[in-house]
Amino acid sequence: MSEASPARPRAGARERVLAAALACATESGMDAVTIDAIRLRSGVSVGSLYHHFGDKQGVFAALFVAGVEHFGEIAMAAMAKGESAEAGLRALVEDYLDWVVAHPDWSRFLLAARPRLESTAGPLLRDANGRYFTALRDWLKRWPESRHLAGRPALVLALVFGPVDYLVRPWLDGLMPASPLEHRDALADAAVRALLGG
């Protein structure tokens, strides 16, 4: 996967459209992007674009869901690395921060698009979130110190990812020159304290 694109090598039409939409949104902002600009950049036919997505809103909704699914995979891999609840929570924070820094364009899009596209993404987003919530609940149940959190996955996500989102926004907007990676330990410490105490 490239630094700023969801497309993979030898990507099919759908992946090329998503990569083109992200590039166009990064350059111009979502509102200024036209469906024709996405079509020209992706090199797909009008028929293929409308077949896969319907319209521009459908393209951006699919891009948003693809980002959620991709980060869900990253998060589940992070949890699997932990040999304790604390280690897993630290990995979630650290890997999320690493992902944001490695994929600034996609991260910027996801943060900006969330309030606009969550309802449009509909069932696909519910499916992606459902898989992730189930995996998170199962993981929290593994550890005695985190079992009390298994019924509150949304709280866990808010306390793990919310502070990271708040910190990286000014960096993504070019307002904070220092890398947010400087704060990895502090953010991980805060998540552990908030969720596990100590």
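**Overall architecture and the setting of Asp165**

From the N terminus on, the elements of the chain follow the order α-α-α-α-α-α-α-α. The chain thus contains eight helices and zero strands, where helices (H or I, at least four residues) and strands (E, at least two) are DSSP runs numbered from the N terminus. The model is predicted, with local features requiring pLDDT of at least 70 and side-chain atom pairs counted only at pLDDT 80 or more, whereas totals for chains, interfaces and linings use all residues. Residues are numbered from 1 along each chain as its sequence is written, and side-chain values use heavy atoms, with hydrogens and water left out.

The C-alpha trace spans about 55 × 35 × 30 Å along its principal axes. Among contacts (heavy atoms within 4.5 Å) with a separation of 6 or more, 68% join residues 24 or more positions apart.

Of the 198 residues, 44% are buried, a class defined by under 20% relative accessible area, with exposed over 50% and partly exposed in between (1.4 Å probe, protein chains only).

Asp165 is located in helix H7 (residues 153-172). This residue counts as buried because its relative accessibility is 10%. Apart from neighbours within four places in sequence, Asp165 is in contact with Tyr96, Leu111 and Arg114.
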